[in-house]
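Hi,

Here is the structure I promised to pass on.

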Amino acid sequence: MSSHADQQRKRPQQDRAKETKARILEVAAQLFGDRGIGNTSTNRIAAEAGMSIGTLYRYFTDREEIVKELTDSSGRRGRLRRR
């Protein structure tokens with residue numbers, strides 16, 4: 001995948017896209033806290049967020065990228081509890 005595609009995936013510009021990405025992160029943080037990272041699939045995150053897995057993959061390549069975003073982003077620090 002090109003770096004241009006990666007940048008588009010990581011930086012949504014429109015409000016709706018920003019809200020979708022935030023929803024994914026919110027649901028993922030909750031599920032990771034409740035179930036643990038290893039027991040939470042991207043399919044589960046998408047389902048709980050009320051979207052298709054394809055929509056999730058527009059914003060994140062895999063579960064590890066979601067984990068990285070949650071743990072690296074200073075604005076979201078503390079939202080993810082590791083088990």
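Let me start with Val-67, which is found in helix H5 (residues 63-72); helices here are DSSP runs of H or I with at least four residues, strands are E runs of at least two, and both are numbered from the N terminus. Val-67 is buried, at a relative accessible area of 4%. Buried means under 20% relative accessible area, exposed over 50%, and partly exposed in between, with a 1.4 Å probe and protein chains only. From C-alpha to C-alpha, Val-67 and Ala-29 are 8.3 Å apart in space, although 38 residues apart in sequence.

Before going further, a word on the source: this is a predicted model, where local features need pLDDT of at least 70, side-chain atom pairs count only at pLDDT 80 or more, and totals for chains, interfaces and linings use all residues. Residues are numbered from 1 along each chain as its sequence is written, and side-chain values use heavy atoms, with hydrogens and water left out.

As for the overall picture, the protein chain has five helices and zero strands, giving the pattern α-α-α-α-α along the sequence. Of its 83 residues, 36% count as buried.

The axes of H2 and H5 come within 10 Å and cross at roughly 90°. Axes are lines fitted to C-alpha atoms, for helices over the stretch in contact, and angles run from 0 to 180 degrees between N-to-C directions. H2 and H5 are therefore roughly perpendicular to each other; angles of 65 to 115 degrees get that name, under 35 is roughly parallel, over 145 roughly antiparallel, and the rest oblique. On the H2 side the contact (heavy atoms within 4.5 Å) is made by Lys-21, Ile-24, Leu-25, Ala-28, Ala-29 and Phe-32, and on the H5 side by Arg-63, Ile-66, Val-67, Glu-69 and Leu-70. By class, this contact of H2 with H5 has eight nonpolar, no polar and three charged residues. Ala, Val, Leu, Ile, Met, Phe, Trp, Tyr, Cys and Pro count as nonpolar, Asp, Glu, Lys and Arg as charged, and the others, Gly among them, as polar.

Glu-65 counts as buried at 15% relative accessibility, and its side chain makes a polar contact with the side chain of Thr-61 (2.6 Å). A polar contact is a pair of N or O atoms within 3.5 Å; within protein, one must be able to donate a hydrogen and the other to accept it, and residues adjacent in sequence count only if both atoms are side-chain atoms.

The axes of H2 (residues 15-35) and H3 (residues 42-49) come within 9 Å and cross at roughly 120°, which makes H2 oblique to H3. Arg-23, Ile-24, Val-27, Ala-28, Leu-31, Phe-32 and Arg-35 of H2 touch Arg-44, Ile-45, Glu-48 and Ala-49 of H3.

Finally, what sits in the loop between H2 and H3? Thr-40 lies there, and at 1% relative accessibility Thr-40 counts as buried. A polar atom of the Thr-40 side chain lies 2.8 Å from the backbone oxygen of Gly-36. Leaving aside neighbours within four places in sequence, Thr-40 is in contact with Leu-31, Phe-32, Arg-35, Ile-45 and Arg-63.

Best wishes
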